[in-house]
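Hi,

Here is the structure I promised to pass on. Have a look at it first, then read my notes below.

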Amino acid sequence: MTFTELKLIKPLLTALDKKGYKEPSPIQQQSIPHILLGKDIFGCAQTGTGKTAAFALPILQLMDANKKPNQRREIKALILAPTRELATQISDNFKEYGENLGFKHAVVFGGVSQFHQVVAIKSGIDILIATPGRLLDLMQQGIIKLGSIEYFVLDEADRMLDMGFINDMKKVIAKLPVKRQTMFFSATAAQIS
Ligand code: AMP
């Protein structure tokens, strides 16, 4: 199986070529076609299996396909991750995979000043990668609004529960539009039901 067979568009294929990826990993082969069809998915995958590209590539492709001329930038994709490290890694991946598409993204997490995060958000972004606490904080300040989200990813959902984020996750999900595409990823399926 090749990335071309997954029907990925040229700007993504060029970015993947630059990364040196030769073929999609199993989680990518399984997830990408479903996400491109607009379906919700639950992916069972550990870190290191290529799960970030499994959601980032099709989200970028769908966002590109649904792009409207002269549209105001608003947050279309939200990726929720349990830790600052994972959020940063996801952000780096979106930057690399999306380098030929022109979308803007920002990453927010706690433990640091919110100043630069707020500047980035206010400049207008299409994709937001966030840890739950800081996201809620910025939502409560009215800096982030989730009314335009079309794609929602909950990454490492099991770890999110282990870290006690259940109430924060619920509060975030309650603010998302009902009509959206949802992608859950977890290393284990037992806790998530
Ligand atoms: P992840 O599971 O998303 O953290 O990815 C683990 C590592 O695999 C990252 O360094 C990715 O850049 C890399 N990776 C993701 N997909 C592929 C692929 N299809 N071929 C080779 N490396 C990949």
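What follows covers the ligand site and then the salt bridges.

First, the ground rules: this is a predicted model, where local features need pLDDT of at least 70 and side-chain atom pairs count only at pLDDT 80 or more, while totals for chains, interfaces and linings use all residues. Residues are numbered from 1 along each chain as its sequence is written, and side-chain values use heavy atoms, with hydrogens and water left out.

The side chain of Gln-28 puts an N or O atom 2.7 Å from a ligand nitrogen, and a backbone N or O atom of Glu-23 sits 2.9 Å from a nitrogen of the ligand. Lys-51 has a backbone N or O atom 3.3 Å from a ligand oxygen.

Now the charges. The whole structure has eight salt bridges (a side-chain nitrogen of Lys or Arg within 4 Å of a carboxyl oxygen of Asp or Glu). One joins Glu-156 to Lys-51, with the closest N and O atoms 3.4 Å apart. That pair is 105 residues apart in the chain, with Lys-51 in helix α3 and Glu-156 in the loop between β5 and α7 (helices, H or I, of at least four residues and strands, E, of at least two are DSSP runs, numbered from the N terminus). Glu-156 also meets Arg-159 at 2.4 Å, N to O. Together with Asp-155, the residues Lys-51, Glu-156 and Arg-159 are linked in a salt-bridge network.

Cheers

Terms used
A polar contact is a pair of N or O atoms within 3.5 Å; within protein, one must be able to donate a hydrogen and the other to accept it, and residues adjacent in sequence count only if both atoms are side-chain atoms.
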